[in-house]
Every structure is written in structure tokens, then in C-alpha cells.
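My notes are below, in the order in which I checked things.

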Amino acid sequence: MKIKQISVFVENKEGRLSEISTLLADAGIHIRALCMADTTDFGILRLIVSNPENAQKILKDAGLTVSLTQVIAVSIPDQVGGFARAVKILSDAGISIEYLYPSIGRDQEHDKTAYIILRVNDNERAIAVLQANGIPLLKETDLPHI
């Protein structure tokens with residue numbers, strides 16, 4: 001149930017995001033989810049992509065600092081309280097969310113599901129607690145469908 005996330009250290013200068021996204025696009029790698037956290041001088045671009053190992057190699061070969069980490073992805077109802085319920089389940093279990101961001105994809109057929117990428121302090125416990133409470137988790141093989 002864990003998903004590989006790419007983290008890229010990015011200088012905060014014009015054209016860097018364009019360079020990274022073009023490298024991935026040219027390699028046929030689809031970006032499924034992303035977020036950027038920045039400071040004055042640099043940022044960390046976090047990506048869920050269709051081929052994380054190849055993306056990591058391409059970006060490293062381009063001279064970028066890249067790492068792979070494990071995150072989880074949940075499927076929640078796209079309605080008032082859907083997100084709050086999932087977060088409360090984790091909070092009640094004493095699991096901390098380090099950061100989160102939404103996926104670009106949505107349930108194409110019903111358009112009533114949202115996908116959230118979560119970095120938590122304990123993936124295994126989070127997976128168990130979420131599953132026990134009926135919160136669907138995504139696998140990497142689910143990603144082409146969102």
C-alpha cells in the first residue's frame with residue numbers, strides 16, 4: 001500500500017520547474033501528483049509519477065539531487081467531512097501527518113472521490129488504522145487509473 005514519491009531539491013530560479021517537468025515529459029513519465037515547498041533560495045518538489053525509478057535516474061543524470069521516499073495515498077469521498085474523517089482517524093491513533101497534498105487525478109466515472117498523498121510518521125500503523133476504519137488506500141498499480 002506504500003507508494004514511491006520522488007523528492008527533488010530545486011534551486012529557486014527561473015526555469016527550473018520547466019526543466020524538470022520537460023525532462024519527465026520527454027521520457028514519457030506521467031506526473032500523478034505534485035507539491036512544492038519553497039524558501040527564498042530553494043524548494044523541494046515532491047512528485048508521484050508513473051515510473052519513479054526511471055524518473056529518479058533521469059533527474060539525477062541531469063545533475064539534480066533526488067531521493068525516493070515511501071508515502072501512502074488514500075481515497076476519500078469528495079464531500080464535506082470526507083477529509084476530516086480520515087485525518088481524525090490518524091490523529092486518534094497518535095499518527096502524525098508530516099505533510100500531504102492532493103493527487104491530480106479523480107474518479108473519472110463518478111467524480112466523487114478525492115485522492116490525497118500522505119507522508120506520516122509511521123506508514124505501517126497508518127495503513128492498518130485506515131484500513132480498519134474503511135478508508136481505501138491506493139497501490140502503485142492504481143496510479144494509472146487516477
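Predicted model: local features only at pLDDT ≥ 70, side-chain atom pairs only at ≥ 80, totals over all residues.

**Entry 1: cavity.** I asked how many cavities of 30 Å³ or more the structure holds. I found one. I then looked up the space in the largest cavity and got about 40 Å³. I listed the residues that line the largest cavity: Val74, Phe83, Ala86, Val87, Leu90, Ile116, Leu118 and Leu130. Helix 3 (82–92) and strand 6 (113–120) are the elements that give two or more residues to this lining. Helix 3 supplies the largest share, four residues. I sorted the lining of the largest cavity by residue class and counted eight nonpolar, no polar and no charged residues.

**Entry 2: strand 6.** Strand 6 came up in the cavity lining, and I went on to its surroundings. Is strand 6 mostly covered or mostly open? It is mostly covered, with seven of its eight residues buried. I looked up its neighbours next. Strand 6 pairs with strand 4 (residues 65–77) in the antiparallel sense, over six bridges. Within strand 6, isoleucine 117 stands opposite alanine 73. Strand 5 (residues 97–102) also runs antiparallel to strand 6, and five bridges join these two. Here I noted that tyrosine 99 stands opposite arginine 119 of strand 6.

**Entry 3: threonine 113.** Threonine 113 counts as buried because its relative accessibility is 13%, and the cut-off for buried is under 20%. I also took a distance from threonine 113 to threonine 22. The two are 91 residues apart along the chain, and their C-alpha atoms are separated by 29 Å.

**Entry 4: strand 4, other partner.** Which strand pairs with strand 4 over eight bridges? It is strand 1 (residues 2–11), and the sense is antiparallel. I checked lysine 4 and found that its bridge partner in strand 4 is glutamine 70. For my own reference, side chains in a regular strand alternate between the two faces of the sheet.

**Entry 5: rings.** Which residue lies over the face of tyrosine 99? It is arginine 46, at 3.8 Å from the ring centre. I also searched for aromatic pairs, and the structure holds one.

**Entry 6: glutamate 19.** I placed glutamate 19 in helix 1 (residues 16–26). Its relative accessible area is 30%, so I logged glutamate 19 as partly exposed. Glutamate 19 and alanine 62 are 43 residues apart in sequence, and 9.6 Å lies between their C-alpha atoms.

**Entry 7: arginine 85.** I returned to helix 3, where arginine 85 lies. Is arginine 85 buried or partly exposed? It is partly exposed, because its relative accessible area is 42%. I took the C-alpha distance from arginine 85 to isoleucine 135 and got 9.1 Å, for a sequence separation of 50 residues.

Conventions. Residues numbered from 1 in each chain as written. Heavy atoms only, no water. 1 Å grid on protein atoms, 1.4 Å probe; cavity = no way out; pocket = protein on both sides within 12 Å on 5 of 7 lines; lining within 4 Å. Points joined across faces, edges and corners; volume = space filled by probe spheres on them. Nonpolar A, V, L, I, M, F, W, Y, C, P; charged D, E, K, R; others polar. Buried < 20%, exposed > 50% of the residue type's maximum accessible area, 1.4 Å probe, protein only. Pairing = 2+ DSSP bridges. Phe/Tyr/Trp six-rings, centres within 6.5 Å; stacked < 30°, edge-to-face > 60°. Lys NZ or Arg CZ within 6 Å of the ring centre and 35° of its normal.
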